[in-house]
Amino acid sequence: LVCVAAEREATLEKLRALGAVHLALGEAAGTAVAAAKGEIDAAEKAVRLVRKAEESYLRSLGPKASRESIEKRPCSVAEVLALEADRDALVSEKERLEREIKVYAPYGDFDPALAKKLLDRGIDLKDELPAKLPEMRLSRMQEKLKRVENRIAVDTAKIARSDEQAILGRYPALRERMEFEQAKELMSAKGAVAVVSGWVPETKVSGIRDQGSEQ
């Protein structure tokens with residue numbers, strides 16, 4: 001397919017409207033193509049996250065809960081990914097707190113500040129205290145762990161309630177945009193004209209020729 005170089009984009013728009021031309025797009029890998037592909041990948045990831053979160057959220061609601069009972073809310077791909085990033089950070093904090101609680105639980109709910117004062121006075125508490133004092137007492141660690149677990153549950157619920165169907169509804173538009181950017185990149189200019197290769201069903205060839213002769 002050959003067109004005037006200055007009319008590359010307009011030509012591609014017309015070809016897209018005809019819907020009969022299949023361009024050879026495999027070699028395109030420019031910035032615009034990467035950006036469009038990145039949007040598709042992000043949308044696909046968001047949908048996977050929503051569906052995974054639904055399973056956890058339904059378990060928290062009890063055996064009678066079903067996907068149909070989840071009240072969905074509008075949510076962008078960026079929001080879903082941001083919630084997941086926040087949840088990942090919270091899960092890391094949860095695991096850290098659990099490790100600390102396991103280490104200090106055998107020593108009971110002692111006050112680290114008071115313990116430090118006693119040690120500074122030279123009182124020998126080696127058998128009663130850990131080698132390294134914690135930043136807070138055990139009861140506060142446990143309270144903090146509960147708050148973190150609650151925040152994880154809130155993020156999970158928000159992700160689970162995100163409307164993945166609305167995200168899926170954007171796929172055709174996203175894929176079309178990527179294909180358009182690929183075609184534009186591959187439609188290389190050669191002087192005053194631009195060329196792109198592809199294929200057309202034999203039954204559509206005459207129609208494409210008629211369109212070309214009208215331009």
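Is arginine 67 buried, partly exposed or exposed, and what is its relative accessibility? In this predicted model, arginine 67 has a relative accessibility of 42% and counts as partly exposed. Its salt-bridge partner is glutamate 54, with the closest N and O atoms 2.7 Å apart. Arginine 67 belongs to the loop between helix 2 (31-61) and helix 3, whereas glutamate 54 belongs to helix 2, so the pair ties together parts that are 13 residues apart in sequence. Glutamate 54 has a relative accessible area of 2%, which is under the 20% limit, and therefore counts as buried.

The protein contains eight helices and five strands, arranged from the N terminus as β-α-β-α-α-α-α-α-α-β-β-β-α. Of its 215 residues, 31% are buried. Among contacts with a separation of 6 or more, 81% involve residues 24 or more positions apart.

The count of salt bridges in the protein comes to 10. One of these joins glutamate 164 to lysine 72, with 2.9 Å between the closest N and O atoms. Since glutamate 164 lies in helix 6 (residues 164-168) and lysine 72 in the loop between helix 2 and helix 3, this pair ties together parts that are 92 residues apart in sequence. Glutamate 164 is buried, at 8% relative accessibility, while lysine 72 is partly exposed, at 29%. A further salt bridge is formed by aspartate 109 and arginine 137, whose closest N and O atoms are 3.2 Å apart. Aspartate 109 is located in the loop between helix 3 and helix 4 (112-120) and arginine 137 in the loop between helix 4 and helix 5; the pair links distant parts of the chain, 28 residues apart. Both partners are partly exposed, aspartate 109 with a relative accessible area of 36% and arginine 137 with 29%. Through shared partners, salt bridges join Glu54, Arg67, Lys72 and Glu164 into one network.

Glutamate 84 counts as buried because its relative accessibility is 12%, under the 20% limit. Apart from neighbours within four places in sequence, glutamate 84 is in contact with Leu49 and Ile159.

Ile159 is also among the buried residues of helix 5, which include Leu138, Met141, Leu145, Val148 and Ile152. Helix 5 (residues 138-160) comprises 23 residues and spans 33 Å from its first C-alpha to its last, close to the expected 33 Å. In an α-helix, residues three or four places apart point the same way, because there are 3.6 residues a turn.

Methods. Residues numbered from 1 in each chain as written. Predicted model: local features only at pLDDT ≥ 70, side-chain atom pairs only at ≥ 80, totals over all residues. Heavy atoms only, no water. Helix = DSSP H or I, 4+ residues; strand = E, 2+ residues; numbered from the N terminus. Buried < 20%, exposed > 50% of the residue type's maximum accessible area, 1.4 Å probe, protein only. Contact = heavy atoms within 4.5 Å. Expected span 1.5 Å × (residues − 1). Salt bridge = Lys/Arg side-chain N within 4 Å of Asp/Glu carboxyl O.
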